[in-house]
Amino acid sequence: MSIDQPHRPTVAKIDLDNLAYNFHSVKKFVGEHVSYMAVVKADAYGHGAVECARRLERKGADWFAVALPEEGVELRDAGITKPILCFGGCWPGQEDTLLDRQITPAIFNIETARRFNEAARSRNVAANVHIKIDTGMGRVGVPWREAPLFAKELISLSNLSMQGLMTHFAAADNLSEKDFTNGQVEKFETIVAAFRDLGFSPEIIDLANSPGAVAHPNSLGNMVRLGGVLYGLGGDVLPAGIEKPDLKPVMSLATELTQIKRVAEGESLGYGRTFVTARDSIIGTIPIGYHDGFRRSLSNIGRVIVNGSFVPVVGRVSMDWTIIDLTDVPDAAVGDEVVVIGRQHGLNISAEDVAGLVGGLSYEVTCGISARVPRIFVSAK
Ligand SMILES: *Cc1c(COP(=O)(O)O)cnc(C)c1O
């Protein structure tokens, strides 16, 4: 959606300086001895992949990661030149896109490896691939016990060049699962050795996501794959009670009061009449709803900030509108700013706070802010 046109006042502000700050802060914390892959899948967790990648590329990110080839193409179209890893590998028919645009697939099954090898062979090139090993996540990945056999099959695929070996942690955010995480590290190390014994020489060895990089220094390999911490979303994915890098939120979300009305005591508000005023009330409506990612489960429990006060959501959140109770903010006026995520007059609502209300994760909250909400990128630099 173009923000050059007059538009609805509901916007997500993306602070690119805070993104750069977080990158430096984590780098200082984790160290200069590893490479840094910036994970910008899912439109950079809702923050805008192109703008975030451009800034991070300038700040020295070594690699980018996306989930789908399409997301990699978007970065290439925008002029990103650093290597891009596609975590989702390559669906049938997408091999040429990856080769054309120099996007490297993470490969986790032999069928994809064969198809990609064929595509590379018909161009007479050796295509880089990273191999993903499942050491306990149980999602995609070559099961670690089968990895030595997989490696043997890979030898015959002579148009593939194994540039990287990776695995992914299931519970790096939970220190009571430390033994499990260490077990994943050990299994992975065994597999790296098995590949080396067969003559492979992967230059990139990576295991750690954000909680891995911050909380498990034994898991760094020579590259870390960072998503959440770059966007300042440390609050619910980094273990509590450990030393952490300082992080600043990157996304804030605000709108404006569209309508204000006086409603007598005893009137019901919104779909399903789930809220009935307990007093004569001043009721406001804001132009944000569940299509924008302000979830319906926030009905009657969410809150926003208006003129320096927390204000409750009343009644059901609907698709395009949300009703709030302004009775205790009598000076509120149509057009006043309403902060949904972010800071106003010293009060703050974080993505973690919103997630906590609905039993979710901060990542879900920022990812869930839909494309209908324009992103406004701000930077003093
Ligand atoms: C999403 C993802 C990451 C990034 O995880 P964060 O917790 O956001 O740092 C790293 N590695 C893989 C394989 C992923 O899918």
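Visitor: What share of the 381 residues of the protein count as buried?
Guide: This is a predicted model, and a residue is called buried when its relative accessible area is under 20%. Applied to the 381 residues of the protein, that cut-off gives a buried share of 54%.

Visitor: How many helices and how many strands make up the secondary structure of the protein?
Guide: The C-alpha atoms of the protein fill a box of roughly 80 × 45 × 40 Å, taken along the principal axes. The secondary structure within the protein comes to eleven helices and 21 strands.

Visitor: Among contacts between residues at least 6 apart in sequence, what percentage join residues at least 24 apart?
Guide: A contact here means heavy atoms within 4.5 Å. When the contacts between residues at least 6 apart in sequence are taken, the part that joins residues at least 24 apart comes to 67%.

Visitor: Why does the distance between the end C-alpha atoms of helix H6 agree with its number of residues?
Guide: Helix H6 covers residues 110-123, which makes 14 residues, and the expected span is 1.5 Å times one less than that number of residues. The helix should therefore span 20 Å, and this agrees with the distance between its end C-alpha atoms, which is 20 Å.

Visitor: Which elements cover the buried residues of H6?
Guide: The buried residues of H6 are Ile110, Thr112, Ala113, Phe116, Asn117, Ala119 and Ala120. Just after the helix, asparagine 124 takes a positive phi of about 60°. What covers the buried residues of H6 includes helix H5 (95-101), strand E5 (103-107), strand E6 (127-134), helix H7 (147-155) and strand E8 (160-167).

Visitor: How many residues surround the ligand, and how many of each class are in the shell?
Guide: The closest residues to the ligand are Lys41, Tyr45, Ser210, Gly228 and Tyr363, and the residues that surround the ligand number 15. By class, this shell has six nonpolar, five polar and four charged residues.

Visitor: What percentage of the accessible area of the ligand does the protein cover?
Guide: An oxygen atom of the ligand is 2.7 Å from an N or O atom in the side chain of lysine 41, while a nitrogen atom of the ligand is 2.8 Å from an N or O atom in the side chain of arginine 225. A polar side-chain atom of tyrosine 363 also lies 2.8 Å from an oxygen atom of the ligand. Of the 380 Å² of accessible area that the ligand has on its own, the protein covers 93%.

Technical notes
Residues are numbered from 1 along each chain as its sequence is written. This is a predicted model: local features need pLDDT of at least 70, side-chain atom pairs count only at pLDDT 80 or more; totals for chains, interfaces and linings use all residues. Side-chain values use heavy atoms; hydrogens and water are left out. A residue is near a molecule or strand if one of its heavy atoms lies within 4 Å of it. A polar contact is a pair of N or O atoms within 3.5 Å; within protein, one must be able to donate a hydrogen and the other to accept it, and residues adjacent in sequence count only if both atoms are side-chain atoms. Accessible areas come from the Shrake-Rupley method with a 1.4 Å probe; for residues, only the protein chains shown count as cover. Ala, Val, Leu, Ile, Met, Phe, Trp, Tyr, Cys and Pro count as nonpolar, Asp, Glu, Lys and Arg as charged, and the others, Gly among them, as polar. Helices (H or I, at least four residues) and strands (E, at least two) are DSSP runs, numbered from the N terminus. Buried means under 20% relative accessible area, exposed over 50%, partly exposed in between (1.4 Å probe, protein chains only).
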